[in-house]
Amino acid sequence: GMRSSCRRMSGKKIIALFDLDGTLTVARKPATQEMKDFIQQLRTKVHVGIVSGSDLPKVNEQWGHNGHENLDWYFVENGVVAYKDGKLHAQQSFSKHLGEERLKELVNFVLKYFSELDIPKKRGTFIEYRTGMMNFSPVGRNCSYEERLEFYEYDKVHNVRGKFIDALKAKFPELQYSIGGQISVDCFPKGWDKTFCLQYLTDYDEIHFFGDKTYEGGNDYEIFTDSRTIGHTVKDPEDTLRQLKELFGN
């Protein structure tokens, strides 16, 4: 029963680490009360953390107002911003990592590239600086919804973003790039996927990771396959509950 499983685990320091979307919650929806209660119950046996690519306001929208205050670890932007016991523990930044000189070269390169790019329309906000990444949009982020769709269709035919990424890779090989949404390209340092958070969890004997996108190309793949974690693939939040009851008792 529960007592023996507690005793069995008491010699080890264990953390259960969860992806949010599709694992603890239905995609983009808030967590159910049942899930929140279960996770608090689980915390009486092991430490618990969330790791999500989203930023703090978006994660709290789903896990609850000040959600970071009721878990042991809360990793937002893949752990580029890390909370421990409800307090900001560490924060890396794209500019600190890259250095101001190299960042300036990147910004200048992108502005020059976009200035020479012939596409049907250009609006504004071609570069957006975020904590752990840069976001580049050839059409500009403040285009209208119609203009967004128009660019997306144009890009499917002309591969504007694909060619842009090739140019970036040649000039800035230390960064990695992904086509984001319909109008932009995300750019971040190599290795700033979900494994980024593991550097803070070296005290644990076992790190159990639960995620739904653990296949190659999914954003749980790197942390799921990492040798430092014991990976568990889940289908949805119900499956997560079922597997947790099996592993840790209820």
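Author: Buried means under 20% relative accessible area, exposed over 50%, and partly exposed in between, with a 1.4 Å probe and protein chains only. This is a predicted model, where local features need pLDDT of at least 70, side-chain atom pairs count only at pLDDT 80 or more, and totals for chains, interfaces and linings use all residues. Residues are numbered from 1 along each chain as its sequence is written, and side-chain values use heavy atoms, with hydrogens and water left out.

Reader: Is phenylalanine 75 buried or exposed?
Author: The relative accessibility of phenylalanine 75 is 1%. The cut-off for buried is under 20%. Phenylalanine 75 therefore counts as buried.

Reader: How many aromatic pairs does the structure hold?
Author: Rings of Phe, Tyr and Trp (its six-membered ring) pair if their centres lie within 6.5 Å. Planes under 30 degrees apart count as stacked, over 60 as edge-to-face and the rest as tilted. By that rule the structure holds 11 aromatic pairs.

Reader: What kind of pair do phenylalanine 75 and tyrosine 200 form?
Author: Their ring centres are 6.2 Å apart. Their planes meet at 15 degrees, so the pair is stacked.

Reader: How many residues apart in sequence are the parts that this pair ties together?
Author: Helices (H or I, at least four residues) and strands (E, at least two) are DSSP runs, numbered from the N terminus. Phenylalanine 75 lies in strand 3 (residues 73-76). Tyrosine 200 lies in the loop between strand 9 (184-189) and strand 10 (206-211), so the tied parts are 125 residues apart.

Reader: What is the relative accessible area of tyrosine 200?
Author: Tyrosine 200 is buried. Its relative accessible area is 18%.

Reader: Which geometry do phenylalanine 109 and phenylalanine 172 adopt?
Author: Both residues are buried. The ring centres lie 5.7 Å apart. With 70 degrees between the planes, the pair is edge-to-face.

Reader: Which residues do ring pairs link into a cluster?
Author: Phenylalanine 109 sits in helix 5 (residues 100-115), and phenylalanine 172 in the loop between helix 7 (160-171) and strand 8 (175-180). Both belong to the cluster. Its members are Phe109, Tyr113, Phe114, Phe126, Phe136, Phe164 and Phe172.

Reader: How many of the residues of strand 1 are buried?
Author: Ile14, Ala16 and Phe18 point one way, Ile15 and Leu17 the other, and all are buried. Strand 1 is largely enclosed by the rest of the structure, because the buried count is five of the five.

Reader: Which residue in strand 10 is the bridge partner of phenylalanine 18?
Author: Strand 1 and strand 10 pair in the parallel sense over five bridges. In strand 10, the partner of phenylalanine 18 is phenylalanine 210.

Reader: And which residue in strand 2 stands opposite alanine 16?
Author: Strand 1 and strand 2 are also paired, in the parallel sense over four bridges. Opposite alanine 16 stands valine 48.

Reader: Within what arc do the buried residues of helix 2 fall?
Author: Helix 2 (residues 33-42) has Met35, Phe38, Ile39 and Leu42 buried. The arc is taken from the directions from the helix axis to the C-beta atoms. These residues line one face of the helix, because they fall within an arc of 100 degrees.

Conventions
Pairing = 2+ DSSP bridges.
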